[in-house]
Amino acid sequence: MAGNEWINGYLEAILDTGGASTTVEEQHRVTAAARESGDHFNPTKYFVEEVVSAVDESDLHRTWLKVVATRNTRERSSRLENMCWRIWHLARKKKKVEGEELQRLAYRRWEIEQGRRDATEDLSEELSEGEKGDGIGEIIQIETTQKKLQRHASSQEIWSDDKKEKKLYIILLSLHGLVRGENMELGRDSDTGGQIKYVVELARALAKTAGVYRVDLFTRQISSPDIDWSYGEPTEMLSAGPDDNDEDDSTGESRGAYIIRIPFGPRDKYLEKELLWPHIQEFVDGALAHILNMSKILGEQVGGGQPVWPYVIHGHYADAGDSAALLSGALNVPMVLTGHSLGRNKLEQLLKQGRQSWEDINSTYKIMRRIEAEELSLDAAELVITSTRQEIDEQWGLYDGFDVKLEKVLRARDRRGVNCHGRYMPRMAVIPPGMDFSSVVIQEDGPEVDGDLSQLTGGADGSSPKALPSIWLEVMRFFTNPHKPMILALSRPDPKKNITTLLKAFGENRSLRKLANLTLIMGNRDDIEDMSSGSGSVLTTVLKLIDKYDLYGHVAYPKHHRQSDVPEIYRFAAKTKGVFINPALVEPFGLTLIEAAAHGLPMVATKNGGPVDINRALNNGLLVDPHDHQAIADALLKLLSEKNLWRECRNNGWKNIHLFSWPEHCRTYLTRVDACRMRHPQW
């Protein structure tokens with residue numbers, strides 16, 4: 001109200017004497033003087049102390065309008081006094097209501113806190129890993145995964161060697177790509193990557209775990225002249241089971257880990273994963289027939305004549321998740337899901353790039369069918385296993401079937417016996433992948449570790465070089481000076497792996513080119529023309545950038561390597577005091593970062609995804625924005641030029657790498673699965 005003239009008029013109307021002050025400030029002084037003199041009730045004093053300071057101006061204004069309408073002086077004074085008392089009463093009522101509201105909110109906060117405390121302390125295992133905040137980085141800073149589980153899950157028994165008497169049958173599904181146990185053709189195409197290695201090693205590791213009798217890894221059978229004959233074999237043995245000297249006569253010939261290839265789709269043609277969707281039902285029929293038959297066989301061997309049903313069905317990726325949901329429903333067996341990479345997140349990234357329209361993306365990647373399968377899998381799964389917290393919060397949180405906050409509430413309500421009104425969400429568990437350390441020798445500081453590559457390849461005195469691995473020679477032939485530190489990138493030639501940005505960072509930084517060589521291990525190829533459009537496009541761009549920046553003699557890009565060569569490639573880079581880099585736009589986990597750390601290589605990695613948790617755990621490198629080629633170059637230059645930092649990162653990686661072992665992974669995995677509701681077929 002401009003100038004608050006009406007308040008001054010209100011005061012004048014209350015005062016009977018003409019010498020009263022006409023401003024609020026002066027009325028405060030008058031009120032203070034009256035308080036000191038001990039005067040009894042005075043409308044002016046009451047108005048200044050209670051009404052003006054405590055009641056909304058709009059109420060005062062309405063009261064004033066009624067007062068000025070009264071012409072009789074005595075009636076007006078009486079009405080003013082009554083109005084003041086009415087306003088005072090309303091002010092008290094308002095304060096009472098506000099006080100009750102504050103008490104209600106305080107009580108509600110206490111209820112929420114009490115519920116959270118009960119949920120955390122009494123049944124932390126019933127809640128998601130995301131609520132407890134025990135991501136791998138926090139596990140490292142406080143304690144190991146096993147100790148963390150022991151501390152939080154008083155009612156959940158940790159899986160141990162005491163479970164040896166169990167005879168579990170576990171099903172793993174991974175449909176796309178080329179799956180075999182030896183000489184895996186990783187990087188051959190976009191479907192044959194890290195997921196293939198993960199599921200094969202998981203099957204082997206589970207089969208060696210106490211209490212597990214048989215593990216079947218289901219995939220597609222392909223008999224095509226374009227690929228190796230081994231992918232057409234219906235069964236391939238991965239391992240024979242644990243070497244525990246078990247003298248139990250009930251152990252039969254079916255024990256161990258096996259790849260089971262089910263024919264579906266065209267038998268003589270290799271199909272990309274986007275073309276497998278119409279054939280999912282055919283796979284489910286074949287897999288169901290095998291499971292029923294194997295359950296009877298295992299029943300005869302270790303089940304006392306009763307069928308041994310699968311303990312769990314674990315689907316990897318959307319297509320296998322769709323299949324696992326159908327098999328789980330048909331067999332009434334718990335289902336576990338691992339997404340590896342998610343459709344909604346990929347759609348979001350592709351739209352951000354702006355290179356394709358929504359219609360083109362859906363046509364190329366069948367993205368909506370994939371998202372539909374992931375939603376179905378979420379509804380059917382008892383447990384979703386992720387590699388990082390980021391995958392839970394930022395990727396699964398995009399789906400209709402999962403909400404991070406609501407999932408926590410539902411778990412707490414279910415534990416306390418409170419009605420969830422039909423809402424259901426799977427549990428989320430962060431279990432980082434394991435690694436096979438059998439081929440890794442972790443060394444302490446010494447002459448062999450810090451030695452120069454020239455000690456192995458021959459010195460300046462002309463002495464003959466020692467016998468070197470063939471892959472070393474294959475890489476060295478690209479370099480003018482092979483003794484410089486190596487920047488190693490190992491991935492398939494996929495656009496999302498961001499190899500071209502790495503090459504741009506290397507080519508535009510003169511200091512980096514003088515200091516180091518760059519090695520790009522981009523799968524295996526015979527002819528770029530025969531590769532898929534995405535992979536062929538990336539390789540073509542790589543060759544153009546090498547020519548543009550004149551990087552001949554500085555960049556190696558061998559055409560072929562075996563899976564057994566990979567440890568030697570890491571060792572070669574470590575001998576040159578090099579650095580491993582993963583510049584992917586988004587990396588779900590980053591198993592190659594673990595492998596590189598085990599071989600003594602510091603890392604530079606994308607800040608999007610799993611490398612954040614890995615670096616928090618290992619503390620062995622730097623994280624960068626994958627879109628910023630200058631930041632990539634600066635990080636590489638920093639690690640390579642500061643030798644003390646390089647040595648510190650290498651030693652940190654060696655010190656903490658034991659946390660990513662397969663036995664630890666399998667113990668946590670089986671502990672989580674053991675908490676699922678166990679079900680078996682009723683027919």
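The structure discussed here is a predicted model.

**Overall figures**

The protein chain has 683 residues, of which 54% count as buried. Its secondary structure consists of 27 helices and 14 strands. Among contacts in the protein chain with a separation of 6 or more, 72% are between residues 24 or more positions apart.

Helix α23 covers residues 591-598, and because eight of the eight are buried, the helix is largely enclosed by the rest of the structure. The buried residues include Leu-591, Leu-593 and Ile-594, and also Thr-592 and Glu-595. Ala-596, Ala-597 and Ala-598 are buried as well.

Trp-654 belongs to helix α26, residues 643-656. Trp-654 has a relative accessible area of 13%, which is under the 20% limit, so Trp-654 counts as buried.

**Two helix pairs**

Two packed helices are described by the angle between their axes and the distance between the axes. The table gives these values for two pairs.

| Helix pair | Angle | Axis distance |
|---|---|---|
| α11 (residues 317-331) and α14 (residues 367-380) | about 45° | 8 Å |
| α19 (residues 499-508) and α21 (residues 533-548) | roughly 5° | within 10 Å |

The helices α11 and α14 are therefore oblique to each other, and their crossing is left-handed. On the α11 side, the residues in contact are Tyr-317, Ala-318, Gly-321, Asp-322 and Ala-325. On the α14 side, they are Arg-369, Arg-370, Ala-373, Glu-374, Leu-376, Ser-377 and Ala-380. Sorted by class, this contact has six nonpolar, two polar and four charged residues.

For α19 and α21, the angle is under 35 degrees, so the two helices count as roughly parallel. Ile-499, Thr-500 and Leu-503 of α19 meet Thr-541, Val-542, Leu-545 and Ile-546 of α21. The contact of α19 with α21 has five nonpolar and two polar residues, and no charged residues.

**Ser-190**

Ser-190 sits in the loop between β1 (168-173) and α9 (194-207). Its relative accessible area is 28%, so Ser-190 is partly exposed. Leaving aside residues up to four places away in sequence, Ser-190 touches Lys-273, Arg-492 and Asp-494. Ser-190 and Ser-535 are 345 residues apart in sequence, while their C-alpha atoms are 7.5 Å apart in space.

Most residues other than glycine have a negative phi. Asn-332 has a positive phi near 60° and is not a glycine. The loop that holds Asn-332 runs between α11 and β6 (335-338). With 26% relative accessibility, Asn-332 is partly exposed.

Asp-550 is not a glycine either, and its phi is positive, about 55°. Asp-550 is found in the loop between α21 and β11 (555-556). Is Asp-550 buried or exposed? The relative accessibility of Asp-550 is 54%, which is over 50%, so Asp-550 counts as exposed.

Definitions and conventions: Residues are numbered from 1 along each chain as its sequence is written. This is a predicted model: local features need pLDDT of at least 70, side-chain atom pairs count only at pLDDT 80 or more; totals for chains, interfaces and linings use all residues. Side-chain values use heavy atoms; hydrogens and water are left out. Helices (H or I, at least four residues) and strands (E, at least two) are DSSP runs, numbered from the N terminus. Buried means under 20% relative accessible area, exposed over 50%, partly exposed in between (1.4 Å probe, protein chains only). Contact means heavy atoms within 4.5 Å. Axes are lines fitted to C-alpha atoms, for helices over the stretch in contact, and angles run from 0 to 180 degrees between N-to-C directions. Angles under 35 degrees count as roughly parallel, over 145 as roughly antiparallel, 65 to 115 as roughly perpendicular and the rest as oblique. A crossing is left-handed if the near helix is turned anticlockwise from the far one by less than a right angle, and right-handed if clockwise. Ala, Val, Leu, Ile, Met, Phe, Trp, Tyr, Cys and Pro count as nonpolar, Asp, Glu, Lys and Arg as charged, and the others, Gly among them, as polar.
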